[in-house]
Amino acid sequence: MIVNDGKDNLASLIAANYTTIKVGDGSDGTAASQDKLDHQSGTVKTNIAPTRVNNLLTWNVTYTGAQLPPSGATELGVFDGSDVMLTRVTFKSTGPVAASDSVTFTVKLEVA
């Protein structure tokens with residue numbers, strides 16, 4: 001069991017270090033051994049610090065259609081500055097997004 005102070009400390013460390021968001025159009029399930037997106041093809045966003053409420057971290061990132069894969073995004077990952085992936089999520093495709101339109105993704109992670 002991780003005690004409350006430990007959870008708080010881990011959440012602080014994650015928030016300070018995992019600030020890179022990558023998108024792609026891969027669709028395979030995520031495995032614990034996975035270390036990258038299936039098919040990264042969108043713009044990499046850096047310096048996206050999560051908001052933090054106790055041990056709940058929330059990353060919000062907005063992409064324009066020009067920054068997403070042409071076919072639409074289906075996966076997103078949170079990485080640190082050394083390209084270590086913390087988490088990856090897959091979702092139903094956004095489909096093509098007009099270059100001037102935008103899509104906001106929200107990733108929530110609880111340190112438990």
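Is Asp8 buried, exposed or partly exposed, and what is its relative accessible area? Asp8 is partly exposed, with a relative accessible area of 37%, where buried denotes under 20% relative accessible area, exposed over 50%, and partly exposed the range in between (1.4 Å probe, protein chains only). The model is predicted, so that local features require a pLDDT of at least 70 and side-chain atom pairs count only at pLDDT 80 or more, whereas totals for chains, interfaces and linings use all residues. Residues are numbered from 1 along each chain as its sequence is written, and side-chain values use heavy atoms, with hydrogens and water left out.

The structure holds four salt bridges, a salt bridge being a side-chain nitrogen of Lys or Arg within 4 Å of a carboxyl oxygen of Asp or Glu. In general terms, side chains of opposite charge can pair when their charged atoms come close. One of the salt bridges joins the side chains of Asp8 and Arg52, with an N to O distance of 2.2 Å. This pair connects distant parts of the chain, as Asp8 belongs to helix H1 and Arg52 to strand E2, 44 residues apart. Helices (H or I, at least four residues) and strands (E, at least two) are DSSP runs, numbered from the N terminus. Arg52 is partly exposed, at a relative accessible area of 32%.

A salt bridge is also formed between Asp83 and Lys22, whose closest N and O atoms are 2.3 Å apart. Here too the pair links distant parts of the chain, with Asp83 in the loop between E4 and E5 and Lys22 in strand E1, 61 residues apart. Lys22 is buried, with a relative accessible area of 9%, while Asp83 counts as partly exposed at 43% relative accessibility. The side chains of Arg88 and Asp38 meet in a further salt bridge, at 2.9 Å from N to O. Arg88 lies in strand E5 and Asp38 in the loop between E1 and E2, so that this pair links distant parts of the chain, 50 residues apart. Arg88 is buried, with a relative accessible area of 6%, and Asp38 is partly exposed, at 32%. Asp38 and Arg88 are also linked with Glu75 in a network of salt bridges.

Backbone geometry was examined next. Most residues other than glycine have a negative phi. Asp83, although not a glycine, has a positive phi of about 70 degrees. Asn47, likewise a residue other than glycine, has a positive phi, near 60 degrees. Asn47 is placed in the loop between E1 and E2 and counts as exposed at 67% relative accessibility.

The loop between E1 and strand E2 (51–53) also contains Asp35, which is exposed, with a relative accessible area of 53%. Contacts (heavy atoms within 4.5 Å) of Asp35, not counting residues up to four places away in sequence, are made with Phe79, Asp83 and Met85. The C-alpha atoms of Asp35 and Gly77 are separated by 9.7 Å, these residues being 42 apart along the chain.

The largest nonpolar core comprises 21 residues, of which Ile21, Trp59, Leu68 and Phe105 touch the most other members. Helix H1 (4–17) and strands E1 (20–24), E3 (56–64), E4 (75–79) and E6 (102–110) each supply at least two residues of this core. A nonpolar core is defined as a set of buried Ala, Val, Leu, Ile, Met, Phe, Trp, Tyr and Cys residues joined through side-chain atoms within 4.5 Å. With residues up to four places away in sequence not counted, Phe105 touches Trp59, Asn60, Val61, Tyr63, Leu68, Ala73, Leu76, Phe91 and Thr94.

Thr58 lies in strand E3 and counts as buried, at 12% relative accessibility.

Leu10 lies in helix H1 and counts as partly exposed, at 35% relative accessibility.
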